[in-house]
Amino acid sequence: MSAEVYRDTWGVPHLRAADARELAYAQGRATAVDRAWQLEVERHRVQGTTAAFLGPDAVGWDVFARRARLADTARRCFEALDAETADWVTAYVAGVNDGLAEGAGAGRPDAPDAGSAEPSGFARTGLAPGRWEPWTPLGVWLSTHILFAGFPTKLWRERAVAVLGPDAVELFATDGPGTAGSNGWLVTGEHTATGAAIIAGDPHRFIEDPGVYQQIRLSCPEFDVVGLAVPGVPGIAHFGHTGSVAWAITNAMADYQDLYRERLRRDGTDVTALGPDGWAPASVHTETVEVAGAAPVTVEVIETDRGPVIIGGPDATDAISLRHPPRVTAALGFAALPALLRARTADDVDRAFDEWVEPVNVVQAADTRGGRLHRVAGRVPLRHPVNRVRVVPAWEAAHAWTGWAPMPREEVSGTAVMANQRGLAGPLGVEFAPPYRADRIAALLAASRSWTAPEMSAIHMDTDLASARPLLRLLSDLKDLTPRAEALRDRLTTGWDRRMEADSTDAMAYATVRERVVRALAAHPSFADLAELPPLPDLFLPWLALTPRIAFALETILTTPMLPELDRMELVRAALEDVASEGAEFGPWGEAHRLAPWQALPVPEEWPGLAGDHDCVLSTSSVPGLTHRGARGPAARYVWDLARREDSLWVVPFGASGAPDSPHHRDQLRMWAAGELAEVVTDWAKLRRETVYERSAYAYEEKVAGFGTVRLRPLDPSRDADLVHSWVTQERARFWGMLDADRAYVEETYAYVDSLPTHHAFLLLLDDEPVGLFQTYEPAADPLGECYEVRPGDVGIHILVAPAPGAPRPGFTGALMKSLIDYVLSDPAHQRIVVEPDVRNVKSIERMVRSGFVLGEEVQKPEKRARLAFFERPPTPPVP
């Protein structure tokens, strides 16, 4: 089977295959070719192994990923998938594995001859691509969104309430420094020039380089969809257009993750936790986080009946566990993804999102028949209202989950706007965005009844800052100012148009005064007890820092009757006078408000200046009081035209490729910063046919000097049964345990192995000649796991070397073993290789010792007495 790859002028992949499964393979492979470094960083984030190549700065995330059991949750969710969806995801993963080597090295079709001044992440760290498992895409989705609902905000609220009282919840009830948002709007045909609906918007996230969204087209006889995919996840989840129906989402701002304060105690090597029914065992084990250039970090992983303990433990003063729907239900909603690709109507989209779990989104859809959809999708638990606000006691039954909340929906008439405001999803959350973006979009849409797709860019780029009004009112009321302060006051209150344009010096003047006001508030005695950061993991500190909280709640703080001791007028006066006394000329807002994207390996670079601000429709968020730079903003922009899909438009912050040497690495950055949009090309004749993907037969390939090319091909239980049967039934293979097996039994056995996501069988080839059988497995999912203490990162192997066709070749098995060890350890998640030869198989045991294995204890398995042996991963070198 094969798939065709086409590219438009922006390098966007347009993929065409004979069926949905082959198309999923092609999507995985194209994504790996274009985004290999990004995919491998994401895979390691799931596993909590990024510090092994990124160094100490990545330890905080890795510890959280281990303690939150992200990889284990992804495995559970994959194992619970229906067979068709699991097969589709597995095909995507096969494509990723086949494309990673090309994406990580030379030979990309779009790589310029001259190379690049910026080396790739692989070159800088020495990381080699590892192997994706069928559950890895679910892990990528989970790790991308685990902080999306902002559960650390409950840690902040608990502190704020303790200092300021219960009203502090409302005082800071706005979209804070760690949340993600979006704009989205649906314009029905009654308000467009064509009479067909338009859906447009832009998701707001922390801007990452490479980008978090991938422009792509997926086409097969069953469907033809353009949209924005998440690299590492098959299908198109958030923003798509099938030709007859289009959909888009925003963050519903729902609260669906709970934090429980646990009481834990040790009982020897065990841990128990106090629940509503008394003390109960908690699961406990230790894991090791390898750190490049530093000592490894040991992590104790504990899980109670509520969920994994992510803060503290039995030896700490506090312990807090996290409960969230995927861990409870073993579901992420992946069955919705292929259903969305097949959607033809808004009703089809509606049914697909019935399967959705996390994150909880507001969905809009429209079709060419006039169908419309505006609903919330996901799972929000029913529980005590206090659960939404703060950390709750695990031992009180009142805080248990009791079911799932119904998802709100409403009819669409004329236009519908979603911008994270308290509205449709109001009953499901606590903190919402102020209404400014939503109100502004609605007002702009009301100005016309003949909207076209290109005109939507003006809404995307609108920079009116309505949230400036409270501070401007206070400024306008100030009297008896120095001349300089009076001039600055008048400039802001009567001369400024309240627009945060990149070239506006007035916008810069306002931002400077606002910054001083925020800093003054953060230093006020009213908030003194919130200023010192608590002794919690660094990962959560952005949610707990006082200055960002004040910055994002500034409007409320300046207008609330709370805090009567706060003399707002004098505080604003002092800030204005302070700025005015400096007598500095204000430069353009865009000179200070520059893009500041997250990169796994930061590269010094002059990023473009941006228009907009947090509460503008063009939501490019800085953190007043800390920085003017914009780390969060539109991670993509889209306009879906239901009249003619080819009139749709899109743009992403950087480009289609994550490779520094690709011409499509940053070719959309200028357009994105300027508010321009690229055409969505759907005519195959206007695309450049690049290549045809043929499925690689090999999971691993290595050229060994003086020996040959070692390859691993996934075993085909039916096709390879005769060959394997001929090997395992020879006397020399008696320890393999299949001496008397017939061919049918061999095929049945390996068909069962093939069905397991934790076990893999390969045909071992040297220069394309079969020379052995190789198997890998996760000991925790194997009977061996009952015989010894399995460590996270353990991987078991079995090797059967085939009989030599001629004279024995000296060093043959040793060379094979070295190559196989290299293959297993190419995945940094694999920390230790485990073998279990029969104690009578002296030659095998001696061979393992010669290969560097250290002998362990003897263990009794049902079929044999085995000698354990272990090969530890060598120490990680420092980051270059």
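Mentor: We begin with the rule for axes: an axis is a line fitted to C-alpha atoms, for a helix over the stretch in contact, and the angle between two N-to-C directions runs from 0 to 180 degrees. Please keep in mind throughout that this is a predicted model.

Trainee: What makes helix 15 and helix 17 roughly perpendicular to each other?

Mentor: The axes of helix 15 and helix 17 (residues 505–522) come within 12 Å and cross at roughly 90°. Angles from 65 to 115 degrees count as roughly perpendicular, and therefore helix 15 and helix 17 are given that description. On the side of helix 15 the contact is made by Leu471, Leu472 and Leu475, and on the side of helix 17 by Tyr510, Val513, Arg514 and Val517. Sorted by class, the contact of helix 15 with helix 17 has 6 nonpolar, no polar and 1 charged residues.

Trainee: Why is helix 15 called roughly perpendicular to helix 22?

Mentor: The axes of helix 15 (residues 469–476) and helix 22 (residues 568–582) come within 10 Å, and they cross at roughly 85°. Since the range for roughly perpendicular is 65 to 115 degrees, helix 15 is roughly perpendicular to helix 22. Here Leu471, Leu474 and Leu475 of helix 15 meet Arg568, Met569, Val572 and Leu576 of helix 22. By class, the contact of helix 15 with helix 22 has 6 nonpolar, no polar and 1 charged residues.

Trainee: How do you know that helix 3 is mostly covered?

Mentor: A residue is buried when its relative accessible area is under 20%, and in helix 3 this holds for 8 of its 10 residues. The buried residues of helix 3 are Val59, Trp61, Asp62, Phe64, Ala65, Arg66, Arg67 and Ala68.

Trainee: Why is Ala237 counted as buried?

Mentor: The limit is under 20%, and Ala237 has 6% relative accessibility, so Ala237 counts as buried. Ala237 sits in the loop between strand 6 (223–229) and strand 7 (239–241). Not counting residues up to four places away in sequence, Ala237 touches Trp141, Trp247, Leu337, Leu340, Phe353 and Trp356. Of these, Trp356 is 119 residues from Ala237 in sequence, while the two are 10.0 Å apart in space, C-alpha to C-alpha.

Trainee: What makes a set of residues a nonpolar core?

Mentor: The members must be buried residues of the listed nonpolar kinds, joined through side-chain atoms within 4.5 Å. The largest nonpolar core has 217 residues, and those with the most contacts inside it are Phe64, Val349 and Val517. Helix 1 (residues 20–47) gives the largest share of this core, 13 residues. Apart from it lies another core, of 26 residues, including Val771, Ile797, Ile821 and Ile833.

Trainee: Which residues is Val349 in contact with?

Mentor: Leaving aside neighbours within four places in sequence, Val349 is in contact with Val245, Trp247, Leu340, Ala343, Val363, Ala365 and Leu373.

Trainee: How many disulfides are there?

Mentor: A disulfide needs a pair of cysteine sulfur atoms within 2.5 Å, and by this rule the count comes to 0. As for individual cysteines, Cys220 is buried with a relative accessible area of 7%, and Cys616 is buried with a relative accessible area of 0%.

Note on methods:
Residues are numbered from 1 along each chain as its sequence is written. This is a predicted model: local features need pLDDT of at least 70, side-chain atom pairs count only at pLDDT 80 or more; totals for chains, interfaces and linings use all residues. Side-chain values use heavy atoms; hydrogens and water are left out. Helices (H or I, at least four residues) and strands (E, at least two) are DSSP runs, numbered from the N terminus. Angles under 35 degrees count as roughly parallel, over 145 as roughly antiparallel, 65 to 115 as roughly perpendicular and the rest as oblique. Contact means heavy atoms within 4.5 Å. Ala, Val, Leu, Ile, Met, Phe, Trp, Tyr, Cys and Pro count as nonpolar, Asp, Glu, Lys and Arg as charged, and the others, Gly among them, as polar. Buried means under 20% relative accessible area, exposed over 50%, partly exposed in between (1.4 Å probe, protein chains only).
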